[in-house]
Amino acid sequence: MPIKNEMISLWKIFGVFATIGAFTIGGGYAMIPIIQNEMDKRGWISEEELPDIIALSQSAPGILAVNISIFAGYRLRGIKGSIAATLGTIIPSFIIILLIAMVFTNFKDNPVVIRIFKGIRPVVVSLIAVPMVNMAKKSNTTWWAWLITILTMVLVAFIEISPIYILLVLIVISFTVTYLREQKESGK
Amino acid sequence: MITIFIQLFITFFVIGIFTFGGGYAMLSLIQAQVVVAHAWIDESTFTDIVAISQMTPGPIGINCATYVGYDVLAKTGAGHLLCILGSLSATVAVVLPSFIIVLAIVKMYAKLNHNAIFEGVMSWLRPAVVGLIGAAAIILIFNSTWSGTPLFSQYDIKVVSENFPDWKSWALFAGAFISSLWFKANPILIIILGGIAGLLIY
């Protein structure tokens, strides 16, 4: 089921992802609350599906925000949808950076800009924390799930292990465990 | 002139392939290629580019690629149009590998969605994603560093002062958290209000 709805126009996808891209400040994870809100509001991607999209996007190389756009766009309208979503995510950045490189060369040291961002930064941090709480409510139904969550969090945040290693190890272990369990069940 | 475009494209394509773990991981790869290997841009310019990439809206990796692509051409004395083409080739190149790989994954996902083994793997990855998002928030609040030798290492945790310089920033954090979690306020609105608040209180 790659294509969800032929009726969603590519311009609409582009527009929604351009809005998301324009307000993704401070890395791919800052995109998650906005994408969750926009997708949920339109019924495009369910709250259950989003953690899968993030997990698989994080397992692929590249920029997380772009990977999520490619993935989500494809779910909406196939390859065309993923191109529209990716262009949407990229184009606001592209234009803003070009303007800074060409015109506002002292953007970084502008006192008004500094004050605005002093207000935005702490807000973005809590916006990243909120989807964690929401997703935990949905997906962490066992003590086992909480153990994985807490271990991942500690290893990445405090021991500074790259997320990709954790995901790779989890993929290998969980594949083996599930495979052996399936074998055992089919053997009965 | 055409060789610089090809070099930019290849460099950023390779960076796109080897970036695992998001935009911040990409910054060090861009630095290794653009500052050290090719010496297209000096260290202090790159530091400025990173700061701007973090401050401006949009994915950090895209911002950085766009800016570096522009600057590399600007350094050769090229005009605005060629510089924009430089941005374009770096940005397209950095996205292209993801595009191919993620499309392959998405097709696999559609096929395996109800497969028992795939579902088993995902049931481990979903809570890990919750942890990754938690870690992303923690990293923006606390800065942990290891120092010293492996045997006598010292571990320090400090609040990230750029994000939380004073009590007012904690108040903004709490306000945004409550309005988002309990009142389900639109995150874009919260960001705009945060910006306005910053302008008013600082």
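Trainee: What makes domain 1 and domain 2 of chain A separate domains in this predicted model?

Mentor: The bounds come from an automatic or database domain assignment, and for chain A that assignment gives domain 1 as 1-139 and domain 2 as 140-188. Their C-alpha centres lie 26 Å apart.

Trainee: How do you know which residues of domain 1 of chain A are in contact with domain 2 of chain A?

Mentor: Contact requires C-beta atoms within 7 Å. By that cut-off, four residues of domain 1 of chain A touch five residues of domain 2 of chain A. On the domain 1 side, helix 3 (49-59) and helix 5 (111-139) each supply at least two residues. That side divides into one nonpolar, three polar and no charged.

Trainee: How many residues of chain B are in contact with chain A, and which helix of chain B gives the largest share?

Mentor: By the contact cut-off, 89 residues of chain B are in contact with 95 residues of chain A. Helix 6 of chain B gives the largest share of the chain B side, 23 residues.

Trainee: How does that side of chain B divide by residue class?

Mentor: The division is 59 nonpolar, 26 polar and four charged.

Note on methods: Residues are numbered from 1 along each chain as its sequence is written. Chains are lettered from A and ligands numbered from 1 in the order in which they are written. This is a predicted model: local features need pLDDT of at least 70, side-chain atom pairs count only at pLDDT 80 or more; totals for chains, interfaces and linings use all residues. Two residues are in contact if their C-beta atoms, placed from the backbone, lie within 7 Å. Helices (H or I, at least four residues) and strands (E, at least two) are DSSP runs, numbered from the N terminus. Ala, Val, Leu, Ile, Met, Phe, Trp, Tyr, Cys and Pro count as nonpolar, Asp, Glu, Lys and Arg as charged, and the others, Gly among them, as polar.
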